[in-house]
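Work through the exercises below with the structure in view. Each task is followed by its solution.

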Amino acid sequence: MLSKVSTNFSKCLIVFSMMLVVLTLSAFNVSAAQPKVVRIGDLFANTYTSLDPQKSSFGWYTSTLGLSETLFRIDDSYAVVPWLAESASVDGSTWTIKLRDDVVFSDGSKLTADIAVRCIERASKVNEKSQMLRGASLAVVDAKTFTISTPKLLPTVLNELCNVYMAMINLDTTKDIDNAPVCTGPFKVDKFDSGVSTKLVRNNKYWGGKVSLDGVEGLYVADADTLSLAFQNGEIDAYIGPTTNDLSIFSASPEKYKVVAIPASRLYYYYLSMERLPSKELRAAINMAINPSDVCILLAGLASPTVGAYGTTTAYGNITKHGFDPVEAKKLIEKLGYTLDENGYYAKDGKEIELDIAYYAARSIDKIVLLMQEQLRSVGIKAKLSVTEDPDGTYMSTGDFDIGVYCMTANPSADPYYFMERVVGGGKYTSGRYNNARAKKLLEQLYSEPVAAQRAKLAVDIQQQIVNDEAMGFLAILNKTTVMRAGVANCSERNPISFYFLNANTAIND
C-alpha cells in the first residue's frame, strides 16, 4: 500500500516538475517574443491633428514614421530618384510617368495610374504648398502610366513629386483619412492619438520587401529637455535634432548612444517685418547687430555657417552681404535721430526702440533668440521674446512680430525654387510681408528655367535682392543630427532630408 502511495507521489512530482518547466519556457518565450518597436520623439506632434499626408504639413510626420511614400524621392547624395515610380521622361511641358508594377497599398490593393493621378490632383487642391502642379493637366495612359502637362515649361516636376504632400493614398479604400489613411509605406496605422502618440504596426504586404520591425511609435514630447531625458531613460529610441548639451552628453558615451551628423538643408533664419519696421536703415542696423558666426559657436557641432539661404558650397549659395558690424549699426540708428537713454537703449521722443522677437522653442531656437536679444542689447536695442508652440498657426501666418525666427528645410526637393517661392512669392511663408517686384520677376523666370546653371544664378540674384533690401537674416544651416540608442540602426541617418527617418530596414537589437 505504502509502495503505491510512493509511486503515485513520484508520478505527481514528475508531472508537477514538467508543468514548471513548461511554464518557465513559456515565460521565456513570451519575453523573447516581445514585439520589436522603435519609438521616436517629436516636438511638433501636437500640431499634427491628422495623418492625411496631403494636408498642411502632416506629410512630414507620416513620412518620418514610415507610413507614406511618394513617386520620387531624394537619395543620400541629394539626387532625385524613382521610388514608387519606375521612370519618367519629358517632351516639352509634358512628363510621362511610369509606375513600378509591384507596388501595393497596405490593404493589398495595387497602386494604379488612376489612383496616382487622383492623389496628385487632390494634393494640389488641399495643400497650399502644392501650387506648382495646381494648374497641370493629368491624364491616364494605361494602368501604370500617366502624363502631367503643365501650362508653362516646368523642369522641376519630379522635384515636386518628391515632396511629402504628394504621398500616395488609396483614396478608394481609405475610410478615415485623418486617422487611418491606407498608404504604401512599411508600416500602417494602429492607433492615432493626436497630440500624444501615433502607433503603427508592420505592413505585412509591403511592396519593398521584408520589414524588420514589428511596429513603430511616434511620441509627442513638449520640450527639448524632456525629449532628452526620455531618450536617456530609454522611453525613446531615436530622434532628430538634439541640443548642443545633448550632443555633448551622447557623444561622450558611444557605448550607449550613436550620433550621426551630416550636412543638410534645414535653415535657421529670421524675417524682419516690412510693415512694422519700414525704415531700411533700422533693418540694416538690426542685421549688423546680429552675428551669425556666434550662432554656429553656440550650436557647436549642430550647425554650419551660411551667408544666404543655402550652403556656401551649393551652386546657389554665393551671396555677399555686409555682415556683423555693431559700430556701423549704432551710427545708422543715430542718423535716424535716436540717442541712448539712461537705460542704455536708443530712444526718440522718450520712446525706446523695443522689438518683439517671435519664436518657437525647438531645435535650439530658444537659445538662439537669447543670443540675438543680447546682441541687440549690446548696440542699444531692447528686445522682448514671444514664444509659441505652433509658429505656423500664429506669427508665421499673422506676421505679428518685428523679428520672426524660424527653421525650415530650404531645399527639400534638391532645387532652390521651393524656398525662394515661399519667402518672396507672397504666400504664408512670406511672413515679413516682403514685396519686391524684381524678386518676383526673377522668381517667375526661375519657375521655368531648364538650365541648371541659370537656375542657380537666378536663385543667387533673388537672395541678393533680399539681402540688399535688409528683409531677412540667414543665420546657419542646421546639420541633420540623428541620435539612436545602442542597438537601433538604419534610421535614414545618412540622408540629408529630415522627413526620411523610419523605414523597412530600421532595426532594434536589445
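A residue counts as buried when its relative accessible area is under 20%, and as exposed when that area is over 50%. The model is predicted.

**Exercise 1.** Describe the protein chain as a whole.

Solution. 
- Step 1: The chain contains 14 helices and 22 strands.
- Step 2: Its C-alpha trace spans about 115 × 65 × 35 Å along the principal axes.
- Step 3: Of the 510 residues, 54% are buried.
- Step 4: Among contacts with a separation of 6 or more, 69% join residues 24 or more positions apart.

**Exercise 2.** Decide which residues of helix H5 are buried, and where the exposed ones sit.

Solution. 
- Step 1: Helix H5 covers residues 224-232, and its buried residues are Ala224, Leu227, Ser228, Ala230 and Phe231.
- Step 2: Viewed down the axis of H5, these residues fall within an arc of 165°, so they line one face of the helix.
- Step 3: An α-helix has 3.6 residues a turn, so residues three or four places apart point the same way.
- Step 4: The exposed residues Asp225 and Leu229 are on the face of H5 turned away from the buried side.

**Exercise 3.** Find what covers the buried residues of H5.

Solution. 
- Step 1: The cover includes the strands S1 (37-42), S11 (238-240), S12 (257-272) and S20 (472-485).
- Step 2: Helix H6 (244-251) is also part of the cover.

How values were computed. Residues are numbered from 1 along each chain as its sequence is written. This is a predicted model: local features need pLDDT of at least 70, side-chain atom pairs count only at pLDDT 80 or more; totals for chains, interfaces and linings use all residues. Side-chain values use heavy atoms; hydrogens and water are left out. Helices (H or I, at least four residues) and strands (E, at least two) are DSSP runs, numbered from the N terminus. Buried means under 20% relative accessible area, exposed over 50%, partly exposed in between (1.4 Å probe, protein chains only). Contact means heavy atoms within 4.5 Å. The arc is that of the directions from the helix axis to the C-beta atoms.
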